[in-house]
Amino acid sequence: MQTKQHSILLSLALLAALILSACTAAAPAAAPTAVPQATAAPTSSVKIGLVTDVGRVNDRSFNQSAWEGVVQAATALGLQEGDGYKYIETQDSKDYADNIQQFIDADFNVIVTVGFALGEATIAAAKANPEIYFIGVDQFQGETLPNLTGLVFYEDRSGFLAGALAAQLSKTGTIASVLGTDLVPPVVAFGQGFELGAKYINPNIQVISTYHPGEISQAFTDPEWGAATAKQALDQGADVIFGAGGITGNGALQEVATAPGAGTDVFCIGVDTDQWETLPAAHPCLVSSAMKLITPAVVELINTYSADSKMTAGNYFGGAGLAPFHDFDAKIPQEVKDKLKEIATALESGSLATGYGQ
Amino acid sequence: MNRSALRRTGQLLLVPILAVCSALLVGAAIMWLFGDNPVAAYYGLWEGAFGSPRAWSTTIRKMTPLMLTGLSVAIAFKAGLFNIGASGQFIMGTVCSVAVGVNFAGLPSVVHLPLALLAGVAGGLFWGAIPGLLKVFTGAHEVIVTIMLNYIASLFAAWTVYAGGTQGQTPGPLWDSTAGAISRTPEVFVSARLPWIVAEPYRVHWGVVIALLVALLSWWIIFKTTLGFSLRTVGTNAKAARYAGMHVHGITILTMMVAGGLAGLAGAIETLGLNHRFAPEFTGGVGFDGITVALLGQTHPLGVILSAFLLGALDAGSARMQFSSGVSVDIIQVIQALVLAFVAAPMIIRQLYRIRKPSDQAESTLFSSRWGRS
């Protein structure tokens, strides 16, 4: 009996602790939400939700770029975070549909889903909810739905420019790319574009392209492999290394940044965003990044919708190109810059094709 | 049920229930420490798991594969084997059922669906047989072998749907040629799909009924048949079992095959009922969660149903929790890990709540009885 009494008392004590902690925590949490509700003017009926791909909203890559676009567009519309716009971080790829559904149930009318992997769930949700506008970042649409924009990029062009830059910087005649998995098409486009761009400058250049051999869930989160692969490429004489594959690619950039001769003999090129801003550790070697400009494209699409309530159907091609050279600006010869500008213009006008996918 | 049976059941349930409560309390404390509101979070969790018909359907959808992978791990435990390989067996089941589901066009559903399900079971069974055979004939420990086989399975599965990049490599045999550069299989034929019990938007399929029936069948086999008795005896004391004339090697191989088959069935059901195709990103954590389900369910098939329901509910509610309270879904993983820690180390719970050890130790399974021996 003695023990039973003990256990009951202990349970009660723990229960009390829970209730107490709940009460104290509830008070401060309630305060800030009350204020904006009172002052927020009903300026717009737009409510924007964002579902991340597996990972964090502040991942310094895709998710973050798309979220920044949402924040910029929403701020311009006078929306409040929480009521007018919010995000859900996905933890498991099986939860895409459920996470999108949260926004549908809460009457959000613009839903941004980030990443190639959410493509199917986004299409299904768009078909089931024709009154809601969906923006699928990195989701190429084979079939046009009136309420779904596939925001896609010419990664091959971006990669092509990076390759052209690398080939012009290389003294050894060997360059390398450290890539996320070839199970994901945009990564392949970057990798192929890089190779084709380099060969465009110098047909005899040697390009060591290495894709992560693992599954999708590991391929973008393996900086050790990225670093080891970059090291190997350096040992084989590569002097410009393109890191394209999330954190895996970042591992490669950081390896090059700490290698002897970083910034003078060996260089690195980042991917997706201007990695000068997002990966300071790569500053010693980072000459540029092969970008896809997600943020302005997201802002543009949301503005089009909120201003004219027009949903952009089919695919929308966002900007792709090289990031600024930053500290290397003075070290890059003018003729290299001119050549890159010439290629960029030719790619834009269609007079030059990268050759990717042919 | 007489009084002593009732008490025994109560004793059996006490530790898991207290473990879950303690995990929720510690989870609440963690949220509170990080400045989040645990009440709002748990309210959101509750709403997301049971607050609406859609919530219930999500819970049921999430618990279905967990029931089967949980049974897979639980049955192996009963025979003294630690099946870490449910994840790989699940994947093999998925791949095999898809292989049947995307072929044989024109077969009637009464043939195609059972065939696809059986292919899934066979795939898992085969993947489970390997560690069983290796353990018996070479003494290789099943924990090591199953962990390795998990990697082989997931990379094998990725290969079967490999799109070939654009570098001219051969695409995988199950690759959907209409998908361009995307690595995935085509959708399985309608004739191979499990029908919905409740269709869109609830998406509850007959898999949950299959899983429940299989759980009941497992209970019957383990506790009401000679085979089940041998299995439990091998698990409790392999030497005594051998002395009693039981075929320990045969039981070991058979158990691993059954465990694999169950996980394979989970993969088949998830594919034929829900996803309708396979893509490399579908190789999620249900296999590993099966370990938590089995331990929380005290390796008892009926306990597994309850614990799969609980973990399914936690999973189902997490999206709503994050949406309404802003608490990161990571906390759900923390809670699940705490549940696992508390049930795997019942001494903590017993000390904390001053519970005496159950009177009949004979029936209890020794989780680590075979480590380093055999």
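This is a predicted model: local features need pLDDT of at least 70, side-chain atom pairs count only at pLDDT 80 or more; totals for chains, interfaces and linings use all residues.
**Core**

The largest nonpolar core holds 224 residues, and the members that touch the most others are A:V112, A:I241 and A:V298. Helix α10 of chain B, residues 248-275, supplies the largest share of this core, with 13 residues. Chain A also takes part: domain 1 (48-154 + 295-318) and domain 2 (155-290 + 321-349) each give at least three residues to this core. In soluble globular proteins, nonpolar side chains tend to be buried together.

Apart from neighbours within four places in sequence, A:V112 is in contact with A:I48, A:L50, A:A66, A:V70, A:I135, A:V137 and A:V298.

**Sheet of chain A**

Six strands of chain A make an open sheet with parallel pairing, in the order β2-β1-β3-β4-β5-β11. Because β2 (85-88) and β11 (314-318) of chain A stand at the edges with a single partner strand each, one side of each has no neighbour in the sheet. On average, neighbouring strands of this sheet are turned by 20 degrees against each other, direction ignored.

Within chain A, strand β1 (residues 48-51) pairs with strand β3 (residues 110-114) in the parallel sense over four bridges. Here A:V51 stands opposite A:T113 of β3(A).

**Helix packing**

Helix α4 of chain A lies across β3, β4 (133-137) and β5 (148-153) of chain A. Two angles are listed below.

| Pair | Residues | Angle |
|---|---|---|
| α4(A) and β4(A) | 119-128 and 133-137 | about 170 degrees |
| α7(B) and α12(B) | 207-224 and 301-325 | about 150 degrees |

The axes of α7(B) and α12(B) are 8 Å apart, at an angle of about 150 degrees. Angles over 145 degrees count as roughly antiparallel, so α7(B) is roughly antiparallel to α12(B). From α7(B), the contact is made by B:L212, B:A215, B:S218, B:W219 and B:I222, and from α12(B) by B:P301, B:L302, B:V304 and B:I305.

**A:A297**

A:A297 is part of helix α11 of chain A, residues 294-308. This residue counts as buried because 24 C-beta neighbours lie inside 10 Å, where 20 or more are required. Not counting residues up to four places away in sequence, A:A297 touches A:L151, A:Y316, A:G318 and A:G319. A:A297 and A:V137 are 160 residues apart in sequence, and their C-alpha atoms are 9.5 Å apart in space.

Notes: Residues are numbered from 1 along each chain as its sequence is written. Chains are lettered from A and ligands numbered from 1 in the order in which they are written. A nonpolar core is a set of buried Ala, Val, Leu, Ile, Met, Phe, Trp, Tyr and Cys residues joined through C-beta atoms within 7 Å. A residue is buried if 20 or more other C-beta atoms lie within 10 Å of its own, exposed if 12 or fewer, and partly exposed in between; C-beta atoms are placed from the backbone. Helices (H or I, at least four residues) and strands (E, at least two) are DSSP runs, numbered from the N terminus. Domain bounds come from an automatic or database domain assignment. Two residues are in contact if their C-beta atoms, placed from the backbone, lie within 7 Å. Two strands pair if DSSP finds at least two bridges between them. Axes are lines fitted to C-alpha atoms, for helices over the stretch in contact, and angles run from 0 to 180 degrees between N-to-C directions. Angles under 35 degrees count as roughly parallel, over 145 as roughly antiparallel, 65 to 115 as roughly perpendicular and the rest as oblique.
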